[in-house]
Structures are given as C-alpha cells and as structure tokens.
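Open the model in your viewer and show it as a cartoon. The stops below say what to select next and what is there.

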Amino acid sequence: MEDFKEKVAFITGGGSGVALGQAKVFGKAGCKVVIADIREDHLAHGLKELKAQGTESHGIKLDITDREAYARAADEAERVFGPVQLLFNTAGVSIFGPLEQSSYDDYDWQMGVNFGGGVNGIQTFVPRMIAHGKGGHIVNTASLGAFLSSNFAGIYCASKFAVLGLTEALRQALERYNIGVSVLCPANVKTNIAESIKTRPEKFSHSGYLYNEETISSLQRIYSQGMEPVELAQHVLEAVKKNQLYIIPYPEAREPLKAHFESIIASLPPEDSDPEGVAKRQAAMLRYREEVAEQQRQRK
Ligand SMILES: NC(=O)c1ccc[n+]([C@@H]2O[C@H](COP(=O)([O-])OP(=O)(O)OC[C@H]3O[C@@H](n4cnc5c(N)ncnc54)[C@H](O)[C@@H]3O)[C@@H](O)[C@H]2O)c1
C-alpha cells in the first residue's frame, strides 16, 4: 500500500505507546484513524494528541477480548469513517515471573489479550475487508520475544509466538485479496506497558508472581530507554509500503536471532541422510495439497 490518503485505520490499544505512535504516523500520512482501547484515560489522551496534529480521529472504548463488543466497534468505525482498510492488532499486556510459579490466570489473561485479542481483530475485520474488495493491510504486533523465549517472560513469549505463527499463515491466506500482512517485533519501546497490570480483569486477578510498585518501577526503567513509538511507527509505515512481512528495526536483534536460528539448523540431520524417507514424506505432502485444492474447488 503506497497511498494512505483517506484510508481508514483501526488501531487497538490506540490510546498509548506503540499503537498511539502508529495512530500519529498513519494519521500524518493521511489516514482517518479509529483508536480502540480498554482504558478511557488512554483514549482521551490519544484523541487529544491526534486532534492536535490535525488527524481525523475517533475513539472507541473496547476490550478486545469481548467478541460481541468488537463487532459493534467495527460497525461503529464503518459508520463514522467508512470501510476499514488498515487494521493494527497492537494492544497487548505483559506480566513477568518464573514460569513454574505461574497461575492459570497469568496464562489466561496474557494469552487472552495478546493472542485472543488479535484473533478477534482478524475474525471481525478480515471478512469485512474481503467483502469491500478495496484491499488493505494488517499489522499484528508480536515482539522480539516471538522468536526468543525466556523463563521470566514465558507466557508472554508463548502468546507472541502464537501471534507470529498466525501472522505468517494469514499473509499467505490474504495475498489473493490484495491484503498485505506484517508482523511487528519490537525489542524495547518507550511505553506504558510496565503498568499493564492495571487493565487485568478481576476474573484473572490471581497471579503467581511477585508484583508491586517496586517491580513496576524496575520495568519502567527498562522501557524508559526504549525506542520512541513514533520512530517505531515510521518503520512500520515504510514496511507497509513495501508489504514487508517482518518488521524488526533493532540492530541488536541480529546476533541473538542468528544464534537462535543457527542452533535450530544445527539440530537437523545431514541433508542426504535419509533420501527414501524424504522422498516419501514430500510425495505424501504434495498429494495432500493436491487433494485439498481439489476439495476446495468442489466446495465452491
Ligand atoms: N513496550 C515494549 O517494549 C514492547 C516490546 C515488544 C512488544 N510490545 C508490544 O507492543 C504492544 C503495545 O504495547 P505498548 O508497549 O505500547 O504498551 P502500552 O501499555 O503503552 O499500550 C497498550 C495499550 O493497550 C491497551 N489495552 C490493554 N489491554 C487491552 C484490551 N483487553 N483491550 C483493548 N485495549 C487494551 C492499554 O490500555 C494500552 O492503552 C503490545 O502488544 C506489546 O506486547 C511492546
């Protein structure tokens, strides 16, 4: 997508951080912007900033884990600005602690927002984007943690691995509808994510981790050194123009990613170690693909 003039963008988490940076940058590029956020104070702050820079914007209070509310939010966005062509599944939360001390609530909250919220965005908007036929672009925000997992961030990383896997598949699925798909994998951004515990719902309130003002302050000190959200969003804009799949604008990610993928490749047997097995498995996969393609043709 090259031209953003008058395009409608729907941005989850748009009242703060990464998403507000996206709203500002895509707003400046000419988009009409809908920001959706669970926090009213964040929404008010985001709308004020967007209006101040002259961006046509609209705010919707939305918990992205609520599917019915999500459908109503999509209707509202269309009513206010028209069909949505840019979807940013950006809202996310994090809480960190030793994986073996995790509670089910630690899992359910993070998986529900980070992965489930993105699923709801896709399920809500993809059929609408296909139906309006104008093409578009979807940016799912994962994390560098979508490639590199670690004990303290185990659930968060698992939720982002899921976002990454789904995004790679979605890109293949939507290519023929002229809808591009990208995954944003930031390392550290200057945002309010250290306080995301504030949006944790009562039904998932039991955490297995230590969490207090001190642990929040320690996290805030890390994020205070992160990339500015607007700078990150500039990279996103350039990537959307090129329909680039991976957006990882952090040079320090190169060595850890290299080591990670090299260790995976190193675990494989030599290429020529099982020619018969390889031929059998590849033929079976090819046959399966042909059968599925035929079944899909008959279904139409
Ligand atoms: N900050 C970083 O260093 C960093 C690094 C990697 C990835 N990310 C990812 O960036 C994304 C944005 O986070 P951020 O850093 O800008 O944090 P942030 O807290 O500043 O912004 C997130 C916004 O999402 C909203 N939100 C939370 N739960 C919601 C829900 N259920 N429904 C709707 N809105 C909800 C919050 O109210 C907030 O306004 C997240 O997906 C996060 O995982 C951030």
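Select Glu68, Asp75 and Arg79 in helix H3: these exposed residues sit on the face turned away from the helix's buried side. The model is predicted, so treat each stop as a view of a prediction.

Now select the other side of H3. Which residues of H3 are buried? They are Tyr70, Ala73, Ala74, Ala77 and Phe81. These five cover an arc of only 100° around the axis, which puts them on the same side of H3. Show what they pack against: strands E1 (8-12), E2, E3 and E4 (84-89), and helix H4 (104-132).

Stay with H3 and check its length. H3 covers residues 67-81, and at 1.5 Å a residue its 15 residues should span 21 Å; the end C-alpha atoms are 21 Å apart, which agrees. Go on to Gly82, which follows H3 and has a positive phi, near 100°.

Next, colour the strands. Seven of them form an open sheet with parallel pairing, in the order E3-E2-E1-E4-E5-E6-E7. E3 (57-61) and E7 (246-247) stand at the edges with a single partner strand each, so one side of each has no neighbour in the sheet.

Zoom in on E5 (residues 136-141) and E6 (residues 179-184), a parallel pair joined over six bridges. Pick His137 to find its bridge partner in E6, Gly180.

Helix H5 (residues 154-174) lies across E5 and E6, at about 165° to E6. Helix H2 (residues 40-52) lies across E2 (32-37) and E3, running at about 175° to E3.

Note on methods: Residues are numbered from 1 along each chain as its sequence is written. This is a predicted model: local features need pLDDT of at least 70, side-chain atom pairs count only at pLDDT 80 or more; totals for chains, interfaces and linings use all residues. Two strands pair if DSSP finds at least two bridges between them. Helices (H or I, at least four residues) and strands (E, at least two) are DSSP runs, numbered from the N terminus. Two residues are in contact if their C-beta atoms, placed from the backbone, lie within 7 Å. Axes are lines fitted to C-alpha atoms, for helices over the stretch in contact, and angles run from 0 to 180 degrees between N-to-C directions. The expected span of a helix is 1.5 Å times one less than its number of residues. A residue is buried if 20 or more other C-beta atoms lie within 10 Å of its own, exposed if 12 or fewer, and partly exposed in between; C-beta atoms are placed from the backbone. The arc is that of the directions from the helix axis to the C-beta atoms.
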